[in-house]
Number of protein chains: 2
Amino acid sequence: MGKDPSVTVGELGEGRVLQRVLAQLRPAETAVLGPGDDCAVMRVQGDLVVTSDTMIEGPDFRRAWHSGFELGWKLAATNLSDVAAMGARPTGLTVSLAVPRDTPVILLEEIAAGLTAACDAMAPGCGVVGGDLGTAPVITAAVTALGDLEGRPAITRSGAKPGDQLAYAGDLGLAGLGLSLLFAEACDEGVAHSRTLPELWQRQPEMLAAQLAPTPPIPLGIVAAGSATAMMDVSDSLSLDAERLAKASGVAIQLDSALLAAAFGDQGGVPVPVAAMLTGGEDHGLLATFPAGAVLPAGFRRIGVVQEVTVGGTALQLDADAYEAKGWDPYTVQLPGQ
Amino acid sequence: MGKDPSVTVGELGEGRVLQRVLAQLRPAETAVLGPGDDCAVMRVQGDLVVTSDTMIEGPDFRRAWHSGFELGWKLAATNLSDVAAMGARPTGLTVSLAVPRDTPVILLEEIAAGLTAACDAMAPGCGVVGGDLGTAPVITAAVTALGDLEGRPAITRSGAKPGDQLAYAGDLGLAGLGLSLLFAEACDEGVAHSRTLPELWQRQPEMLAAQLAPTPPIPLGIVAAGSATAMMDVSDSLSLDAERLAKASGVAIQLDSALLAAAFGDQGGVPVPVAAMLTGGEDHGLLATFPAGAVLPAGFRRIGVVQEVTVGGTALQLDADAYEAKGWDPYTVQLPGQ
């Protein structure tokens with residue numbers, strides 16, 4: 001059937017779909033045995049880190065907005081950022097894709113190409129080592145990412161100490177602005193459409209890229225691991241995740257709006273309000289704490305300070321005031337069109 | 001809200017759903033850091049094996065037939081069997097669960113309890129180390145299983161040699177018979193119902209258990225690794241998977257109907273026809289090859305022989321005749337009710 005773009009997975013069958021998907025992948029450097037057996041086999045140097053994340057058509061992405069390539073890229077990026085946040089080197093991904101039977105095979109090939117390109121760009125040597133294919137009423141992509149600590153201790157979210165500097169690396173708030181833009185200008189009565197996408201890409205390329213195919217600073221995870229006392233990736237929002245880090249460490253965090261505005265108020269020419277930085281979500285940059293006085297690794301910008309928890313005090317402040325964290329909760333947030 | 005069985009995940013929100021799910025889990029022995037950070041961290045001795053498998057409501061299971069506990073058990077069992085098939089010790093699982101907002105929280109707790117019980121029964125020391133929660137139109141469970149080869153080489157499907165004995169350990173054909181029984185007696189016009197389930201459980205407990213909550217012989221994977229030349233788990237059907245092993249090894253496989261009938265014709269008092277053994281699927285037992293003359297590890301039964309590929313010959317024979325492999329293809333098999 002060659003490359004007829006209309007051929008569906010139901011017409012081609014699992015074996016041949018798998019062949020076409022595998023052709024878009026590249027072996028992981030540490031894989032002794034890649035896809036095709038009951039398991040992949042990987043050589044490991046230090047402790048292993050592992051994380052899983054799923055993206056489902058509807059709550060997590062829309063086909064009207066995401067190309068297959070962007071979806072694959074985002075799948076890789078959002079999982080690689082969790083590996084980076086431990087101070088580990090990403091080594092492999094497993095990808096389970098379940099799609100409706102009438103899904104064009106080419107979409108799965110594009111997803112695989114996006115996964116490969118994202119690994120090449122952000123985590124060279126990392127690749128897809130396994131996974132499975134199946135059917136589902138909507139496109140369902142579950143990714144597990146593996147990483148190697150190579151003898152270093154893991155950087156958790158529980159190591160922040162009063163007096164530490166709070167710092168962030170990566171885009172901040174752009175992804176949330178991109179999502180708002182898509183809902184405002186690429187939706188009719190709650191239904192996503194792609195009619196205005198080309199114009200939006202021209203007008204706000206940074207916002208759309210941050211939302212649809214983010215590029216978190218993965219290599220900075222290992223760099224930061226040399227001096228960070230705590231680290232995590234920001235996935236639900238800076239405020240929610242800073243509060244989580246504070247609670248896990250038994251400290252309070254004071255975010256500084258002036259530092260935020262100075263460091264991230266202009267991102268590639270795009271003005272980003274502090275409120276968008278605090279509540280946007282899906283940034284996937286690295287939030288880390290470093291000892292007072294330490295020189296921050298290149299790429300990290302100071303955005304606040306770690307403090308003692310005071311009796312009756314809050315875990316999170318913005319400047320002098322308590323700040324109620326806001327962001328993404330998959331079970332309670334109701335998106336348009338659902 | 002206590003344990004009101006009607007509370008839904010949408011009412012409770014992600015944080016508290018996660019707390020209730022985590023309370024049903026147990027730490028993995030090799031986990032340095034369990035769920036709650038960006039990644040879990042695991043200590044590893046030898047090469048790592050990793051596999052992923054997804055179960056989706058509809059094509060892979062029905063809530064009318066599967067309790068949450070059985071679903072969790074089956075999720076663990078089907079992934080652990082892939083780890084065992086490499087000759088590795090299962091060490092950890094990650095579980096991504098996405099469910100509709102109106103799903104009772106108690107169902108997620110039952111799934112978690114089933115995962116824990118299955119690990120305790122089949123792979124002591126293994127536990128859930130991470131995962132994520134999300135929303136989806138139907139229950140979607142993606143599991144990744146990790147295992148440690150502990151210095152042993154992996155047993156792949158490509159090492160079978162002409163002259164080797166072919167052997168199998170585990171239930172064979174029962175799971176497929178169980179599925180046929182459910183379709184025949186617990187379906188009305190293609191829609192699954194549970195009205196007849198108690199009676200079916202009483203009448204055919206082995207078939208239903210094999211289908212709904214299988215117990216593959218996980219510990220035999222490490223035992224077999226001492227002498228097996230090739231190994232894999234049988235997931236789609238004995239005939240399909242034997243043919244895959246033959247092709248991966250560049251050999252032909254001759255299944256022996258008399259050996260099959262003698263070894264697996266009576267399973268716990270249930271008569272199983274050879275045709276059901278060959279095409280049933282979802283057995284998750286271990287198919288392995290051992291050198292001619294080797295004593296088979298306890299639990300394995302001889303079911304055939306590995307042969308040279310002959311010019312124009314087939315990869316799979318049953319007795320003296322070519323056998324066309326049949327079983328499960330997720331994209332082309334159309335189940336009732338879909």
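## A:Ser235 and its record group

A:Ser235 sits in the loop that links strand E10 (230-233) to helix H9 (238-249) of chain A; helices (H or I, at least four residues) and strands (E, at least two) are DSSP runs, numbered from the N terminus. This is a predicted model, in which local features need pLDDT of at least 70, side-chain atom pairs count only at pLDDT 80 or more, and totals for chains, interfaces and linings use all residues. Residues are numbered from 1 along each chain as its sequence is written, chains are lettered from A and ligands numbered from 1 in the order in which they are written, and side-chain values use heavy atoms, with hydrogens and water left out.

With a relative accessible area of 23%, A:Ser235 is partly exposed (buried means under 20%, exposed over 50%, partly exposed in between; 1.4 Å probe, protein chains only). Beyond residues up to four places away in sequence, A:Ser235 touches A:Asp241, A:Gly281, A:Glu282, A:Asp283 and A:His284, where contact means heavy atoms within 4.5 Å.

An unreviewed UniProt entry annotates A:Gly131, A:Asp132, A:Arg157 and A:Ser235 as "binding site"; such annotations may be inferred rather than shown by experiment. These residues span 105 residues of sequence and are also spread in space, with up to 31.7 Å between C-alpha atoms.

## A:Arg157

A:Arg157 belongs to the loop between strand E6 (140-148) and strand E7 (165-169) of chain A. A:Arg157 is buried, at a relative accessible area of 14%. Outside four places in sequence, its contacts include A:Met231, A:Arg244 and A:Ser249, as well as B:Gly36, B:Asp37 and B:Asp38.

A:Asp53 lies in strand E3 (residues 48-56) and is partly exposed, with a relative accessible area of 22%. Leaving aside neighbours within four places in sequence, A:Asp53 is in contact with residues including A:Thr78, A:Ala142, B:Ser96 and B:Asp132. A:Asp82 is in helix H3 (residues 68-84) and is buried, with a relative accessible area of 10%. Not counting residues up to four places away, A:Asp82 touches A:Thr51, A:Asp233, B:Asp38 and B:Cys39.

## Chain A as a whole

Chain A has 11 helices and 17 strands. Of its 338 residues, 59% count as buried. Among contacts between residues at least 6 apart in sequence, 84% join residues at least 24 apart. The C-alpha atoms fill a box of roughly 65 × 50 × 35 Å along the principal axes.
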